[in-house]
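Please look at the sequence and the model before reading on.

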Amino acid sequence: MSAAQPAPEPGSDEVDQAFVADVFARDCASRDILQNVTSRWGLLALVALGESDMRFNALRRRVDGVSERMLSVTLQALERDGFVNRSVLQAIPPRVEYSLTDLGAEVAARLTGLIEFVEDHVSDVAESRASHDVSDSDGSPRAHRTQKS
């Protein structure tokens with residue numbers, strides 16, 4: 001696959017797409033999308049919104065540690081990509097609520113699986129880190145390291 005192949009001629013048997021995506025290609029647009037979805041705050045915002053629709057401050061509380069500015073920038077990017085809906089509620093003062101689009105719900109479900117996997121294996125990773133971080137007093141290389149030629 002290449003980063004930007006034109007769509008096949010109408011009537012051909014090939015998939016009718018404007019571009020064929022290849023995330024490994026340097027200039028592929030899918031890289032920007034992947035960055036927005038898998039950034040620390042993008043991933044957490046999508047999964048949180050997969051739990052329920054939320055107003056900005058509720059989402060900020062749910063995604064503990066994110067600054068107001070970073071959450072705002074993240075939500076704008078996810079809205080632009082078509083994963084998040086931003087709705088202004090008729091109230092005084094006006095309130096904004098965020099929800100997932102169908103596309104956002106699908107990606108949130110996939111990310112939830114990844115999060116569950118990571119949470120289930122935290123102790124395995126902690127053991128691996130502890131083993132890796134043990135320093136040898138004699139300066140010999142760690143057994144699990146390999147050299148590439």
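The sections below describe the pocket lining and then the aromatic rings.

## Model

The structure is a predicted model.

## Largest pocket

The largest pocket has a volume of about 180 Å³. Its lining consists of L44, V47, A48, E51, R62, V63, D64, I115 and E119. Two or more of these residues come from each of two elements, α2 (40-51) and α5 (102-120). Helix α2 gives the most to this lining, with 4 residues.

By residue class, the lining of the largest pocket holds 5 nonpolar and 4 charged residues, and no polar ones. Among the lining residues, L44, V47, A48 and I115 count as nonpolar, while E51, R62, D64 and E119 count as charged.

## Aromatic pair

There is 1 aromatic pair in the structure. F56 and Y98 form this pair, with 6.5 Å from centre to centre and 55 degrees between the planes. The arrangement counts as tilted because planes under 30 degrees apart would be stacked and those over 60 edge-to-face.

The pair links distant parts of the chain. F56 belongs to helix α3 (residues 56-62) and Y98 to strand β3 (residues 95-100), and the two residues are 42 apart.

## Burial of the two rings

F56 has a relative accessibility of 17% and therefore counts as buried, the cut-off being under 20%. Y98 is also buried, with a relative accessible area of 8%.

Notes:
Residues are numbered from 1 along each chain as its sequence is written. This is a predicted model: local features need pLDDT of at least 70, side-chain atom pairs count only at pLDDT 80 or more; totals for chains, interfaces and linings use all residues. Side-chain values use heavy atoms; hydrogens and water are left out. On a 1 Å grid over the protein atoms alone, a cavity is a set of points where a 1.4 Å probe fits but cannot get out, and a pocket is an open set with protein on both sides within 12 Å along at least five of seven lines; lining residues have an atom within 4 Å of a point. Grid points are joined across faces, edges and corners, and a volume is the space filled by probe spheres set on the points. Rings of Phe, Tyr and Trp (its six-membered ring) pair if their centres lie within 6.5 Å; planes under 30 degrees apart count as stacked, over 60 as edge-to-face and the rest as tilted. Buried means under 20% relative accessible area, exposed over 50%, partly exposed in between (1.4 Å probe, protein chains only).
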